[in-house]
Amino acid sequence: MRWIWIDTFVAFESGVSASAVKNVTLAEEYLYDHFPGYPVMPPSLMIEGMAQTAGILVGESRGFKENVILAKVRRAEFDEYAFPGNQLRYDATVDSLDDRAAVTSGTVSKGGKTIGRVDLIFSHVNQANKPIDLPDHNFVFTDQFMRLLSDFRGEADHG
Amino acid sequence: MVASRDEVFSKIQEVLTDALGVDDDEVVASATLQDDLGAESIDFLDIVFRLEKEFSIKIPKGELFPDDILSNPDNVDGDKMTPEGLAQLKAAMPHADFAEFEKDPLVAEMPKLFTVNTIVNYVENKLSATA
């Protein structure tokens with residue numbers, strides 16, 4: 001399984017906000033275990049979807065020079081389940097961004113209705129402050145994430 | 001108008017309950033952030049961001065929670081802070097109460113300087129400086 005939990009960006013304003021969508025499909029293996037006979041997307045994976053949306057937003061704003069590490073889930077609240085066939089939308093906004101870290105807030109929606117709120121803190125890890133057991137290269141923004149952003153052609157194309 | 005100490009305390013109580021997932025009644029003036037309220041390293045940054053927003057202040061890196069004094073080897077001798085290190089720390093943290101710590105300045109005891117009261121003092125100083 002590829003560890004990528006958003007399908008495409010539908011809006012992106014550098015350093016300010018980003019929106020991505022995720023189509024939940026029965027082809028995803030975890031749905032057969034969560035739960036047998038009652039497939040729902042685990043909220044932890046919706047947090048990951050928001051972390052990828054917001055993390056790419058944060059990384060892009062500083063030219064992908066640093067690894068952007070999810071350091072803290074400040075808030076994660078969900079009101080409803082997401083089922084196969086649903087399209088989720090992650091809307092993320094940068095609240096604060098500096099050398100040390102970034103704070104983002106965001107909503108998860110389904111069919112235009114907000115079903116969750118996820119606020120995150122990311123740490124910036126670069127060569128100067130990297131723990132010794134982490135690799136030298138940028139291990140967060142791998143090709144599959146970079147491709148996701150380079151494929152983004154604006155909201156009109158995805159209408 | 002400058003906020004009263006009670007108003008500042010009440011806002012800080014809310015900041016800490018949100019940031020650390022603790023109950024209101026745990027956030028008493030003498031509570032230490034790490035031992036009593038369970039704060040981890042990233043929580044200190046979270047607290048700084050929340051205080052900046054709540055009080056509309058700017059908190060420069062290391063001003064509320066100085067983290068670079070211990071990294072200077074001259075400031076530490078074995079498990080204790082040197083007199084120079086302690087002097088630097090006291091100068092950097094006028095908002096902290098050193099009465100107990102300076103009797104035996106063990107590095108391991110340093111987290112006890114970071115209490116709820118330390119934050120209240122810091123924010124009060126900051127607000128009165130900008131009033």
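Visitor: Which hand does the crossing of helix 1 of chain B and helix 2 of chain B have?
Guide: This is a predicted model, and in it the axes of helix 1 (residues 5-20) of chain B and helix 2 (residues 41-55) of chain B come within 10 Å. The hand of the crossing of these two helices of chain B is right-handed.

Visitor: Are helix 1 of chain B and helix 2 of chain B parallel, antiparallel, perpendicular or oblique to each other?
Guide: Their axes cross at roughly 140 degrees, and an angle has to be over 145 degrees to count as roughly antiparallel, while 65 to 115 degrees counts as roughly perpendicular. Helix 1 of chain B and helix 2 of chain B are therefore oblique.

Visitor: How many charged residues are in the contact of helix 1 of chain B with helix 2 of chain B?
Guide: Helix 1 of chain B contributes B:Lys11, B:Val15, B:Leu16, B:Asp18, B:Ala19 and B:Leu20, and helix 2 of chain B contributes B:Asp43, B:Asp46, B:Ile47, B:Arg50, B:Leu51 and B:Glu54. Sorted by class, this contact has six nonpolar residues and no polar ones, and the number of charged residues is six.

Visitor: How many residues does chain A give to the contact with chain B, and how many of those on the side of chain B are charged?
Guide: The contact takes five residues from chain B and nine residues from chain A. On the side of chain B, three residues are nonpolar and none is polar, and the number of charged residues is two.

Visitor: What is the order of the strands in the sheet of chain A?
Guide: Chain A has three helices and six strands, and from the N terminus on its elements run β-β-α-β-β-β-β-α-α. The six strands make an open sheet with antiparallel pairing, and their order is 1-2-4-5-6-3. Each edge strand pairs on one side only, and these edges are strand 1 (8-13) and strand 3 (67-78) of chain A.

Visitor: How many bridges join strand 3 of chain A to strand 6 of chain A?
Guide: Within this pair, A:Val73 stands opposite A:Leu120, and A:Ala76 stands opposite A:Val118. Strand 3 and strand 6 (residues 113-125) of chain A run antiparallel, and the number of bridges that join them is ten.

Visitor: Which residue in the turn between strand 5 of chain A and strand 6 of chain A has a positive phi?
Guide: These two strands of chain A run antiparallel and are joined by eight bridges, with A:Thr114 as the bridge partner of A:Ser109. They form a hairpin with two residues between the strands, and the residue in the turn with a positive phi, of about 55 degrees, is A:Gly111.

Visitor: Which residue takes a positive phi in the hairpin of strand 1 of chain A and strand 2 of chain A?
Guide: Strand 1 and strand 2 of chain A pair in the antiparallel sense over five bridges, and A:Thr8 stands opposite A:Val21 there. The hairpin has three residues between its strands, and the residue with a positive phi, near 75 degrees, is A:Gly15.

Visitor: How many bridges join strand 2 of chain A to strand 4 of chain A?
Guide: In this pair A:Ala18 of chain A stands opposite A:Ala92 in strand 4. The two strands run antiparallel, and the number of bridges between them is seven.

Terms used: Residues numbered from 1 in each chain as written. Chains lettered and ligands numbered in written order. Predicted model: local features only at pLDDT ≥ 70, side-chain atom pairs only at ≥ 80, totals over all residues. Pairing = 2+ DSSP bridges. Helix = DSSP H or I, 4+ residues; strand = E, 2+ residues; numbered from the N terminus. Axes fitted to C-alpha atoms, helices over the stretch in contact; angles between N-to-C directions. Parallel < 35°, antiparallel > 145°, perpendicular 65-115°, else oblique. Left-handed = near helix turned anticlockwise from the far one by under 90°. Contact = placed C-beta atoms within 7 Å. Nonpolar A, V, L, I, M, F, W, Y, C, P; charged D, E, K, R; others polar.
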